[in-house]
Amino acid sequence: MDIKSIIKNEVLSLKAYAVENNYYPLRLDANESPFPLADSLREEFLSRLSEVSLNRYPQAGSPELVHRFAGRLGVGDDQVIVGNGSDELIQILSIAVARPGAEMMLPTPTFAMFSITPVNAGLKLIEVPLDENFDLDLARMGETIQSRAPALTFLASPNNPTGNCFSFDRILAVIEKSPGLVVVDEAYFNFSTSARTALGLIERHDNLIVLRTLSKIGFAGARIGILVANPELVAELNKVRLPYNLNALSQAAAGFYLDHEEIFLKQAEAIRTLRDQLYSEMLSINGIHPKHSDANFIFFSCDFDSDRIYEQLLEQGILIKNFNRPGRMRNFMRVTVGNPDENEIFLKGLKEGIKKQGA
Ligand SMILES: Cc1ncc(COP(=O)(O)O)c(C=O)c1O
């Protein structure tokens, strides 16, 4: 069999999403929460999971969770889809709009799955670089909207990997100008004190979709994402969703999260404080240039070859994310905010790496 003659070109030309599966004692590469489930909650969590009927299919479409998330977010039940992480919701959106010839617009750099999944589904990618402050380049995006009418646009605010929120008036302008769907991904919303949610705009803009996830505030392993949009659009997207998309254990975990949300929101607050401390420490290291962050990670550039710094950190058992490539991402890296010990180990490792890379 000639695999290349069977698999579609869009897939053949893709690179799979890179996940580093080797063991490293300190992983600060995936923007997860550094806090495991508190000991005081473990027993209740396990008892909740033990009540799940594994011999039965889960509730199709997670109606109880949909109802509870809708209540929390102040929207109707018919405006919410709960997914197997936001990744699945990105996939549902991509499949739903991938008509022949459809295009999508992405301000870059941004989250890799915004291009991998839609391209897989057959959408053609149009990249519009962020401006010099990593904000939306409204002029260029406006031109692209006018000339190409993209079916789908993804805006992550706060953005990954840059860590900043986009200006709200620019987000609004993109939504208003776009004939296609605009997704505002608020995965890092809980780490920002200045971010404005786009949820309130849904009522007036039927092309707007807001995404949230529990992955960044302690439940990455349970894979729970939330999509909010107008009821008509949600009804169409639900036709694409697999009936049992969220397994019964994840549904139980999400219910548990909702029962104890204030604990996880407090942890997000603690992460914000740790981020600000980490930022100041990094700022004081010669040759390291951290960017302001509204998220649970810090995007930074260095005056050294970041490939070498990255390797030096790996040698010390510390995994971060290296974005080094020619152009404006030259020598840029991203580190997830860890717990106080982890941040200290990272800072020590970074200083050590800088010392050694020149040797
Ligand atoms: C902007 C953004 N959206 C979504 C996700 C993934 O969310 P989930 O784990 O819910 O699939 C990430 C993960 O890094 C992200 O950076």
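I take helices (H or I, at least four residues) and strands (E, at least two) as DSSP runs, numbered from the N terminus. The model I am reading is predicted, so I noted that local features need pLDDT of at least 70, side-chain atom pairs count only at pLDDT 80 or more, and totals for chains, interfaces and linings use all residues. Residues are numbered from 1 along each chain as its sequence is written, and side-chain values use heavy atoms, without hydrogens and water.

**Peptide bonds**

I looked up the loop between strand 5 and helix 8, where Pro-161 lies. Asn-160 and Pro-161 are joined by a cis peptide bond with omega about 15°. Pro-158 also has its place in the loop between strand 5 (152-156) and helix 8 (168-177). The bond from Ser-157 to Pro-158 is cis, and its omega is near -5°. I made a note of these bonds because most peptide bonds are trans.

**Positive phi**

Which value does phi of Phe-134 have? Phi is near 60°, positive in a residue other than glycine. Phe-134 sits in the loop between strand 4 (124-129) and helix 7 (138-148). Phe-134 counts as buried because its relative accessibility is 6%; buried means under 20% relative accessible area, exposed over 50%, and partly exposed in between (1.4 Å probe, protein chains only).

I found Arg-223 in the loop between strand 7 (208-213) and strand 8 (225-228). Phi of Arg-223 is near 60°, again a positive value. Arg-223 has 27% relative accessibility and therefore counts as partly exposed.

**Helix 12**

I placed Asp-307 in helix 12 (residues 306-315). Asp-307 counts as partly exposed, because its relative accessibility is 35%.
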